Amino acid sequence: NSQDIMSAEPTLQGDSIAEWDGATLKVVTSNLISGYIRRNGAPYSENAVVTEYFDRHDTYGEQWFTVSVIVEDPHYLTEPYYTSSSFKLLPDNIEWNPVSCDNR
C-alpha cells in the first residue's frame with residue numbers, strides 16, 4: 001500500500017516503487033534520509049526523488065546494460081541531476097582470472 005510507504009520514517013534506502021515500461025525497468029525512490037549525491041558532491045534533502053531506468057539493449061551485436069539516474073530535489077537542486085553508466089556483457093572469464101591469495 002503506497003499510503004503505508006509514505007507514512008514511514010525516512011531511511012537511507014528510502015521507499016521504491018518499480019514498474020516495467022516496455023523493456024525498461026523504472027524505479028522511483030523517495031522517503032530518503034538527506035545525504036549527498038556523491039561522497040564529495042551536492043547534498044540532497046528528504047524531499048529528493050530518485051528515478052532510475054534499467055535498460056538492456058543490443059548495439060552492433062553486443063549486449064549492453066545501462067543504468068540512468070535522475071535526482072530531483074527542490075531544496076538543493078535548481079534542475080534535475082542526470083547520470084548514467086553502461087556495462088558491456090563479456091563472454092565468461094574473458095577478463096576475470098581470480099587467483100588465491102596464497103598464490104601471490
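1. A word on the ground rules. This is a predicted model, in which local features need pLDDT of at least 70 and side-chain atom pairs count only at pLDDT 80 or more, while totals for chains, interfaces and linings use all residues. Residues are numbered from 1 along each chain as its sequence is written, and side-chain values use heavy atoms, with hydrogens and water left out.

2. Ile33 counts as partly exposed because its relative accessibility is 31%, where buried means under 20% relative accessible area, exposed over 50%, and partly exposed in between (1.4 Å probe, protein chains only). Not counting residues up to four places away in sequence, Ile33 touches Pro10, Thr11, Leu12, Tyr44 and Glu46; contact means heavy atoms within 4.5 Å. Leu90 is 57 residues from Ile33 in sequence, and the two are 37 Å apart in space, C-alpha to C-alpha.

3. The largest nonpolar core has eight residues: Leu32, Tyr44, Ala48, Val50, Val67, Val69, Val71 and Leu77. Strand 6 (residues 62-72) gives the largest share of this core, three residues. The term covers buried Ala, Val, Leu, Ile, Met, Phe, Trp, Tyr and Cys residues joined through side-chain atoms within 4.5 Å. If you leave aside neighbours within four places in sequence, Val50 is in contact with Val27, Val28, Thr29, Leu32, Val69, Ile70 and Val71.

4. Now the strand pairing, for which DSSP must find at least two bridges between two strands. Strand 5 pairs with strand 6 in the antiparallel sense over 11 bridges, and His57 stands opposite Trp64 in strand 6. The two strands form a hairpin with two residues between them, and Tyr60 in the turn has a positive phi of about 50°. Strand 2 (residues 24-30) also pairs with strand 5 in the antiparallel sense, over five bridges; there, Leu25 has Phe54 in strand 5 as its bridge partner.

5. Thr24 has its place in strand 2 and counts as buried because its relative accessibility is 16%. Its side chain and that of Asp55 are joined by a polar contact of 2.3 Å. Such a contact is a pair of N or O atoms within 3.5 Å; within protein, one must be able to donate a hydrogen and the other to accept it, and residues adjacent in sequence count only if both atoms are side-chain atoms. Beyond neighbours within four places in sequence, Thr24 is in contact with Glu19, Tyr53, Phe54 and Asp55.

6. On aromatics, a search of the whole structure finds one pair. Phe54 and Phe65 are stacked, at 6.2 Å centre to centre and 25° between the planes; rings of Phe, Tyr and Trp (its six-membered ring) pair if their centres lie within 6.5 Å, with planes under 30 degrees apart counting as stacked, over 60 as edge-to-face and the rest as tilted. Phe54 counts as partly exposed, at 21% relative accessibility, and so does Phe65, at 35%.

7. Finally, the one salt bridge found in the whole structure. Glu62 forms it with Lys88, the closest N and O atoms being 3.1 Å apart, against a criterion of a side-chain nitrogen of Lys or Arg within 4 Å of a carboxyl oxygen of Asp or Glu. Glu62 lies in strand 6 and Lys88 in strand 7 (residues 81-88), so the pair ties together parts that are 26 residues apart in sequence.

How values were computed:
Helices (H or I, at least four residues) and strands (E, at least two) are DSSP runs, numbered from the N terminus.
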